[in-house]
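Hi,

Here is the structure I promised to pass on. Have a look at it first, and then read on for what turned up in it.

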Amino acid sequence: MQYLISKTYFTKTTEAAPLAVFRILFGLMMFISIVRFWAHGWIDKLYVQPRFFFSYYGFEWIPQLGSYTYILFIICGITALCISLGYQYRIAITLFFLSFTYIELLDKTTYLNHYYFISILSFLLIFLPAHHYFSLDAKRGTTIRATRIPNWSIDSIKVLLGIVYFYAGLAKLNSDWLLKAMPLKIWLPSKYDTPLIGTLLGQEWVHYAFSYTGALYDLLIPFFLYYKRTRGVAFIIVVIFHILTRVLFPIGMFPYIMIISTLIFFDAGIHHKILKILSKLLGIDKSQFDKPSRTFAKQEGVHVFLKRSKFVLLASFFAFQLLFPFRYLLYPGELFWTEEGYRFSWRVMLIEKAGYATFKIVNPKDKTRFYINNDDFLTSFQQKQMATQPDFILQYAHYLRDHYIKEGMVAPEVYVESYVTLNGRLSAQFIDPKINLSTIKESFEHKTWIIPFTDEIKGL
């Protein structure tokens, strides 16, 4: 019975226009993002100038490219345009995923939730028939042209967006966010010069209003977008919410990416109107793509889809997305303090951490010691990230150990004096100062050398 239900679902088709619009706007947003990143000089600042980079555990083998990093951004930009145009789509989206993800793996200092979102979304798009309608590929090759595609290809994007929103909402169900309005109580007053609403942002009731509204928005918006009766109002709320967050916080292109992504929830009629507008602007004859053609499902055969590894891969992909954010449950201690399992879990703008870390090098031979000036090795941005994240501190300690070994010191010991403040609390000691970090190996195990959090944050 379950097989028949699954087979019935995977034989259903829908119009291809929504996925075509998604492909066009996604590629365009990515191209603009790459150009913007380049124009601000961030490639040089973040990927060329630093003398040391913080790698992700398990990806230390990825080589740094120095000035050649610009080539990766060129590949990203060109393939983003190709994605938008639907030109050599499979090659373009695969190269975009690989080059974009490579860039993100170069230095975890630059980690952002929306960069991770782009990586996994572009991976998903590799397996979707986004170029079978209103694309250069469809124009050149009538054999792939299709006005209808499988339902799952559009639903998969909706599911991914739903996971991102809903999990971000679940993460906000904690005592700091709901009972203390933290960290918004810290951030919002600093935006006093915001036009129209600046004078309100210092008032406590506004901080709580933003906190509860943000949690409810993330938890409910996927469902309101899914149901046709509430979809129009929900989209207006999406636009208002993301424009407001863009005004208040420096989060780049992410709000616009999320706005255009939610268009996938609308019926095909809306997308055909969008494509008609694009056709007029670009002088394209849209009717050539609307000529009678076989559906994608009939062209490739649903039985082929079910038998091939694509189904298993996509099922594994979504299983991972559902389970991986909860890996923090495997670790003791307060997540916001230790950050073990914090990344890649859609915990968006939940913590405000600040601190400092002073490193001491001890020569075991004669017990001489000296302190490190972090400016000699790290950029100011790297120092800020390093001071509050244990895996950064450990990796930097290993770098210092290796550096002084090269300088001729035998088995140097590395200690750190570190203090961190979390969501407005008093600064507290973060890492055990008696632990020689040079002997600690990085792993997925709990970091026992983190001094336990002295307060309690209740929630998911």
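Start at Lys172: the charged end of this side chain sits over the ring of Trp177, 5.3 Å from the ring centre. Keep in mind while you look that this is a predicted model.

Arg327 does something you can compare by eye. Its charged end sits over the ring of Phe324, 4.0 Å from the centre of that ring.

Now for the salt bridges in general. Side chains of opposite charge can pair when their charged atoms come close. How many salt bridges does the structure hold? There are 14.

Here are some to find on screen:

- Arg343 and Asp391: their side chains meet at 2.9 Å, N to O. Arg343 lies in the loop between helix H18 (335-338) and strand S3 (353-362) and Asp391 lies in helix H20, so this pair ties together parts that are 48 residues apart in sequence. Arg343 and Asp391 are buried.
- Asp137 and Arg140: this salt bridge has an N to O distance of 3.3 Å. Both residues lie in helix H7 (residues 136-140), three residues apart, which is about one turn of the helix. Asp137 counts as buried because its relative accessible area is 8%, whereas Arg140 counts as exposed because its value is 53%.

On to the rings. The structure holds 43 aromatic pairs. One of them is formed by Phe54 and Phe392, a tilted pair with 4.7 Å from centre to centre and 40° between the planes. Phe54 has a relative accessibility of 0%, so it counts as buried. Phe392 is also at 0%, and so it is buried. Ring pairs also link Tyr56, Tyr111, Tyr116, Phe117, Phe320, Phe324, Phe344 and Trp346 into a cluster.

Some members of that cluster turn up again in an open space. The second largest pocket has a volume of about 1100 Å³. Which residues are closest to its centre? Of the 39 residues that line this pocket, those closest to the centre are Tyr56, Tyr57, Phe59, Phe324 and Phe344. The elements that give two or more residues to the lining are helix H5 (89-106), helix H6 (113-125), helix H17 (309-323) and H20. H5 gives the largest share, six residues. By kind, the lining of the second largest pocket divides into 23 nonpolar, seven polar and nine charged residues.

Last, the closed spaces. The structure holds two cavities of 30 Å³ or more.

- The largest cavity has about 60 Å³ of space. Its lining is made up of Tyr167, Leu170, Ala171, Pro325, Phe326, Tyr328, Ser345, Arg347 and Leu460. Seven of these residues are nonpolar, one is polar and one is charged.
- The second largest cavity has a volume of about 30 Å³. Tyr328, Tyr331, Pro332, Gly333, Glu334, Leu335, Thr338 and Glu340 line this cavity. They divide into four nonpolar, two polar and two charged residues.

Cheers

Methods. Residues numbered from 1 in each chain as written. Predicted model: local features only at pLDDT ≥ 70, side-chain atom pairs only at ≥ 80, totals over all residues. Heavy atoms only, no water. Phe/Tyr/Trp six-rings, centres within 6.5 Å; stacked < 30°, edge-to-face > 60°. Buried < 20%, exposed > 50% of the residue type's maximum accessible area, 1.4 Å probe, protein only. Lys NZ or Arg CZ within 6 Å of the ring centre and 35° of its normal. 1 Å grid on protein atoms, 1.4 Å probe; cavity = no way out; pocket = protein on both sides within 12 Å on 5 of 7 lines; lining within 4 Å. Points joined across faces, edges and corners; volume = space filled by probe spheres on them. Nonpolar A, V, L, I, M, F, W, Y, C, P; charged D, E, K, R; others polar. Helix = DSSP H or I, 4+ residues; strand = E, 2+ residues; numbered from the N terminus. Salt bridge = Lys/Arg side-chain N within 4 Å of Asp/Glu carboxyl O.
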